Amino acid sequence: KTQNMMMVSSKTFSSLQFFTLLYLFTVTFASTDEATVLLKWKATFKNQNNSLFASWTPSFNACTDWYGVICFNGRVNTLNITNSSVIGTLYAFPFSSLPFLENLDLSKNNFSGTIPLEIGNLTNLVFLNLNINQFSGTIPEQIGSLAKLQILRISKNHLNGSIPEEIGYLRSLTKLSLGRNFLTGSIPASSGNLNNLSFLLLHNNQLSGSIPEEIGYLSSLTELELSSNSLNGSIPASLGNLSNLSVLYLYDNHFSGSIPLEIGYLRSLTDLQLSNNSLNGSIPASLGNLSNLSVLYLYDNHFSGSIPLEIGYLRSLTDLELSNNSLNGSIPASLGNLSNLSFLYLSANHFSGSIPLEIGYLSSLTYLYLGNNSLNGSIPASFGNLRNLEYMYLNDNNLIGEIPSFVCNLTSLEVLYMSRNNLKGKVPQCLGNISSLQVLMMSHNNLSGEIPSSISNLTLLQILDLGRNNLEGAIPQCFGNISSLQAFDMQNNKLTGTLPTNFSIGSSLISLNLHGNELEGEIPRSLANCKKLQVLDLGDNHLNDTFPMWLGTLPELRVLRLTLNKLHGPIRSSGAEIMFPDLRIIDLSNNAFSKDLPTSLFQHLKGMTTIDQTIKVPNYKGGGFFYQDSVVVVTKGLKLEVVKILPLYTVIDLSNNKFEGRIPSVLGDLIALRVLNMSHNGLKVIYHYHLEIYL
């Protein structure tokens, strides 16, 4: 009996050995087979010398030694070669030879071509990441065969066509990311079948149509990003069912209608962005229920009515942006409860009344935009508490009173924009203490007194615009030393004395506008140090000098206005240098220039000999988006203000001087010139078909 048992045990042991050896043989064989097909795929890469794949050779064990390969029971389970500088395609990928592949990550490479239909053979795939490549063509409908897939990422490629309905078969999917492609068509209603989906990212495509009602059935959804498409229709009320939703991005589309009240049911919402659509109606008070909300973007729509008081309940809010709507009424004092608020944008609406002093309680505020409204009253004293404020826009309102000295307590301020109000009094001397200030704009007010010399202490100042006020006295000489200054605008004040004479080498000055003052003396030769100067307007003063031909060496000068001064004498040029190569507007009218017009003044005006539609307006780093150059030109006796000048409007105005002799024939070469005014001189007549000429 014992012997029989030993024989059975021996047979059992032999059977175990056999099956173990058979298993090991099968596993080894399968791994070798999988390694072979992967090597064939690697052979199609265009960069064969990629050092990351040095281990991909038959002499190394694919499961233990190959870069990016992980095996389970000897079969390839994971292939992760993200960010590996691969240049290739998927045409030779062994879709049919990797039956146990669960994780495939090819993201952040340079794969191109289409996604093969055979991808549907990877039926055990759980994770597929093709993000950030150059894939083109359509998403194959065979992707619907990947029933176990939980994560699908194909964003930042060049995919086109529509999203296949078969995507709705992927019932295990938790994350779907197809953003930043060129996908068209509508969002498939079948996506409402994806009950386990937590992330749906379809942003930055060309999708159209409305949001399917079925999206509201995805109860597990936490992030829904449909922004930057061409979606239209109304926002479905069914989205109010998404109780776990924390991020809702619908901005940059064509949605219309009102915001559904049901959006106020999304108690988990932290980030709601509906900006840049055509939404209208009032802002629903139910949004005040979103107690976890930190970001609310409703700007660039057509909302009307007042801001609901309930917005003041959103204590977690850090960013509230409602600009560019048709909101009206007064700004609710309840906004003063938003103690965590850093960004408050209410500009370009129809708000009226005074600024609530409670806004000054928002000690975390860094950006305050209240410009382009109808606000009145004075600037609240409580604003002196906003010590973290960096940007303050109060422009284009009806604010009155003086500029309060407590503004100087805002020592973090970088931009102070108060233009186009009814402010009066002096410019505070203490502004020179705000060392971080880069932009100071107070034009179009009723400010008086002298320009404080302390402003020259602002070593970061890039834009200084105090134009169109009643400022008087001299321009402090030290202003010529503000090397960071790009735009210096004091036009239409009552300034007297001479111009600063010490513009320094390395100056950043792009625009200098002192038009319409009572300045005297000569044009300072130190302006030749301002090599970046594009706009120089010294018109309508009492300057007494000869023509500054030396300005012709400034390589970027586009606008030169010296009209209505006491400039005199002949215009002389050596003719040896290329002068005024980029000039597009030159206005010397209403002076006492005399003698012949030198040919050399006109023969190098390249800015007027070619029609260049690509010329850009001057760019001011400190805020070119709100400072615009403008000049007044006279045509047919009418004054015309040209804003954003300057690129395409070309003018030569030499009228009302004492020029004589013949008009240089070289003017006929200035084919981009649109207005030539030489009237009220002693010149002989000439005509060119492409010009308006006044003699």
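**Notebook: parallel strands and salt bridges**

I started at β24, which runs parallel to strand β26 (residues 374–377) and is joined to it by three bridges. For the record, strands here are DSSP runs of E with at least two residues, helices are runs of H or I with at least four, and both are numbered from the N terminus. Two strands count as paired if DSSP finds at least two bridges between them. In this pairing serine 352 sits opposite serine 374 of β26.

A note on what I'm looking at: this is a predicted model, where local features need pLDDT of at least 70, side-chain atom pairs count only at pLDDT 80 or more, and totals for chains, interfaces and linings use all residues. Residues are numbered from 1 along each chain as its sequence is written, and side-chain values use heavy atoms, with hydrogens and water left out.

Glycine 329 faces phenylalanine 351 in β24.

Then I traced the whole sheet: it is open, has nine strands with parallel pairing, and is ordered β12-β14-β16-β18-β20-β22-β24-β26-β28. Its edges are β12 (208–209) and β28 (398–399), each pairing on one side only. For the chain overall I noted three helices and 51 strands.

I checked burial too: 55% of the 695 residues are buried (buried is under 20% relative accessible area, exposed over 50%, partly exposed in between, with a 1.4 Å probe and protein chains only).

On to salt bridges (a side-chain nitrogen of Lys or Arg within 4 Å of a carboxyl oxygen of Asp or Glu): I found seven in the whole structure.

One of them pairs aspartate 396 with arginine 420, with the closest N and O atoms 2.7 Å apart. Aspartate 396 is in the loop between β27 (391–393) and β28, and arginine 420 in the loop between β29 (415–417) and β30 (424–426), so the pair ties together parts 24 residues apart in sequence. Arginine 420 is partly exposed, at 32% relative accessibility.

Another joins arginine 561 and aspartate 537, at 3.3 Å from N to O. Arginine 561 lies in strand β41 (residues 559–561) and aspartate 537 in strand β39 (residues 535–537), 24 residues apart. Arginine 561 is buried at 5% relative accessible area, and aspartate 537 is buried at 1%. I also saw that Asp537, Arg561 and Asp587 are linked in a salt-bridge network.

Last, I logged aspartate 582 with arginine 584, whose closest N and O atoms are 2.6 Å apart. Arginine 584 is buried, at 7%.
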